[in-house]
Amino acid sequence: MYPLDKLVLEHTMYPQYARFIPLEQKKAALYRLGHDNCDAHHLFCVLPRSEGEHYLRFCPLCVNKDREIYGEAYWHRKHQIRNMSICTKHRCRLVESSVPVKSEQSFVFCPAEHYTGCDKVIFEEDPQMMRFASYIESVFDAPIDFL
């Protein structure tokens, strides 16, 4: 009922990595993620994470809103974009959880509801940091060229 390509494109970090690889590799990765039992980390050349990017991140205001609307928090994929340190919706700094994001780690379900707390909200005042975060988000959201 829900196309696999749409699932990969709209609910994974595929858009972060795929737009920077050759067309045929991009198409093959999209197919394999939806149809093969493969490790996604072997489909893309992924550089090591920057210092301070070793855990899933969350926005305390998004967590509160998720709980209000859905009854529980969930991981927002835009908060996991590399070098993203700000929630562009709320203009506040993201908070690190205790859930590691290591490619060597086996896939374990860690519900955001159990790993996000009511942390102090720190709003970002630097307009340059906000512009950078908005730029990163716009690149992530841009349609991927499959032609």
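## A buried cysteine

At 1% relative accessibility, Cys59 counts as buried. Buried means under 20% relative accessible area, exposed over 50%, and partly exposed in between (1.4 Å probe, protein chains only). Cys87, at 2% relative accessibility, counts as buried too.

This is a predicted model: local features need pLDDT of at least 70, side-chain atom pairs count only at pLDDT 80 or more, and totals for chains, interfaces and linings use all residues. Residues are numbered from 1 along each chain as its sequence is written, and side-chain values use heavy atoms, with hydrogens and water left out.

## Cysteines without disulfides

How many disulfides does the structure hold? It holds zero. A disulfide here is a pair of cysteine sulfur atoms within 2.5 Å. Cys59 is in no disulfide; its nearest cysteine sulfur belongs to Cys92, 3.5 Å away. Cys87 is in no disulfide either; the sulfur of Cys62 is the nearest cysteine sulfur, at 3.7 Å.

## The overall layout

The protein has six helices and four strands. These are DSSP runs, numbered from the N terminus: helices are H or I, at least four residues, and strands are E, at least two. From the N terminus, the order is α-α-α-β-α-β-β-β-α-α.

Of the 147 residues, 33% count as buried. Contact means heavy atoms within 4.5 Å. Among contacts between residues at least 6 apart in sequence, 74% join residues at least 24 apart.

## The largest core

A nonpolar core is a set of buried Ala, Val, Leu, Ile, Met, Phe, Trp, Tyr and Cys residues joined through side-chain atoms within 4.5 Å. The largest one has twelve residues, including Cys59, Cys62, Cys87, Cys92, Ile81 and Phe140. Strand 2 (86–87) and helix 6 (127–141) each supply at least two residues of this core. Helix 6 gives the largest share, four residues.

Leaving out residues up to four places away in sequence, Ile81 touches Met13, Gln16, Arg57, Ile136 and Phe140. Another core lies apart from the largest one; it has ten residues, among them Tyr14, Tyr17, Leu43 and Ile144.

Which residues of helix 6 are buried? They are Met130, Ala133, Ile136, Glu137 and Phe140. Seen down the helix axis, the buried residues of helix 6 fall within an arc of 125°, so they line one face. That arc is taken from the directions from the axis to the C-beta atoms.

The buried residues of helix 6 pack against helix 2 (14–18) and strand 2. The face turned away from the buried side carries the exposed residues Gln128, Arg131 and Tyr135.
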